[in-house]
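Hi,

Here is the structure I said I would pass on.

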Amino acid sequence: MDLKLIDDNGQVTSTVNGSDALFARDYNEPLVHQLIVAFQANARQGTRAQKGRSEVAKSTRKPWKQKGTGRARAGMASSPLWRGGGKIFPSSPDENFGHKVNRKMYRVGMCTILSQLVREDRLAVVEDIALESPKTRHFAGKLKGMGLERVLIITDSLDENLYLSSRNLPNALVLMVTEADPYNLVRFPKVVLTRSAVKKFEEVLG
């Protein structure tokens with residue numbers, strides 16, 4: 001599979017040979033959906049807590065006698081059927097929302113997403129992205145010169161100047177190959193890989 005290689009002006013200068021196993025797979029929408037749902041579920045934190053009927057501050061006295069009042073029978077005011085009563089299945093802080101995804105499924109899903117990005121012309125390759133100093137406006141100007149607005153940049157290794165320059169931009173995200181995830185690959189309309197990142201992807205997912 002030939003990938004487009006662009007320069008600092010966003011113009012296609014040549015192509016980069018990419019693995020067909022990585023960039024030419026058929027699209028598997030159910031698998032991609034499962035990966036993204038699992039990624040978002042695994043990012044959830046169990047920070048909410050609710051009280052059960054044994055934890056609410058209510059008296060355990062029977063509100064009224066069992067028979068003769070015309071009302072429905074009631075045992076205590078902490079009943080989940082009553083306002084202010086305890087929850088039937090209360091949420092706890094140690095609740096686990098995680099979804100398990102097999103390693104093979106994850107690799108195939110990532111290859112499927114990358115292949116679809118190539119087909120939709122949303123993926124491009126650059127030789128390298130380097131900045132002399134950690135200046136956000138320099139990086140923003142570089143992206144503007146390349147014609148990129150909302151973009152995910154994936155590199156082989158973390159460049160400190162590039163990371164510091166990009167972390168304050170809401171429309172750009174810089175990740176290493178080992179940090180790439182299905183959610184961000186799908187979320188950004190444009191994905192840019194360095195040439196070394198393409199080789200790293202082939203080593204990790206190939």
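By salt bridge I mean a side-chain nitrogen of Lys or Arg within 4 Å of a carboxyl oxygen of Asp or Glu. One thing to keep in mind throughout: this is a predicted model.

With that definition, glutamate 120 and arginine 122 make a salt bridge, their closest N and O atoms being 2.8 Å apart. Glutamate 120 is partly exposed, at 39% relative accessible area. Arginine 122 comes out at 19% relative accessibility, and because the cut-off for buried is under 20%, it counts as buried.

The structure has five salt bridges in total. Another of them joins the side chains of lysine 4 and aspartate 121, with N to O at 3.2 Å. Lysine 4 sits in strand β1 (residues 2–6) and aspartate 121 in the loop between α3 (103–119) and β3 (123–126), so this pair ties together parts 117 residues apart in sequence. Both ends are partly exposed: lysine 4 has a relative accessible area of 38%, and aspartate 121 has 40%. While you are at aspartate 121, check its backbone too: phi is near 60°, a positive value in a residue other than glycine.

A further salt bridge runs from glutamate 127 to arginine 195, where the closest N and O atoms are 2.7 Å apart. This one also links distant parts of the chain, with glutamate 127 in the loop between β3 and α4 (136–145) and arginine 195 in helix α7 (residues 195–205), 68 residues apart. Glutamate 127 is partly exposed at 47% relative accessible area, and arginine 195 is partly exposed at 28%.

That brings us to α7. Which of its residues are buried? They are Ala197, Val198, Phe201 and Leu205. As for packing partners, the buried residues of α7 pack against β1, α1 (20–23), α3, β3, β4 and β6 (190–194).

Phe201 deserves a click. Beyond its neighbours within four places in sequence, phenylalanine 201 is in contact with Leu22, Leu114, Ile154, Val177, Ala180, Leu193 and Gly206. Phe201 is also among the residues with the most contacts inside the largest nonpolar core, along with Phe23, Leu114, Leu123, Ile154, Leu185 and Leu193. That core has 28 residues. At least two of its residues come from each of β1, α1, α2 (29–42), α3, β3, β4, β6 and α7, and α3 gives the largest share, six residues. There is a second, separate core of 16 residues, which includes Ile6, Leu143, Ala172 and Val174.

Last stop is threonine 155, in strand β4 (residues 151–155). Threonine 155 is buried, at 6% relative accessibility. Where does its side chain reach a backbone oxygen? That oxygen belongs to serine 157, at 2.9 Å. Apart from neighbours within four places in sequence, threonine 155 is in contact with Leu162, Leu175, Met176, Val177, Thr194 and Ala197. Ala197, you'll recall, is one of the buried residues of α7.

Cheers

Methods. Residues are numbered from 1 along each chain as its sequence is written. This is a predicted model: local features need pLDDT of at least 70, side-chain atom pairs count only at pLDDT 80 or more; totals for chains, interfaces and linings use all residues. Side-chain values use heavy atoms; hydrogens and water are left out. Helices (H or I, at least four residues) and strands (E, at least two) are DSSP runs, numbered from the N terminus. Buried means under 20% relative accessible area, exposed over 50%, partly exposed in between (1.4 Å probe, protein chains only). A polar contact is a pair of N or O atoms within 3.5 Å; within protein, one must be able to donate a hydrogen and the other to accept it, and residues adjacent in sequence count only if both atoms are side-chain atoms. Contact means heavy atoms within 4.5 Å. A nonpolar core is a set of buried Ala, Val, Leu, Ile, Met, Phe, Trp, Tyr and Cys residues joined through side-chain atoms within 4.5 Å.
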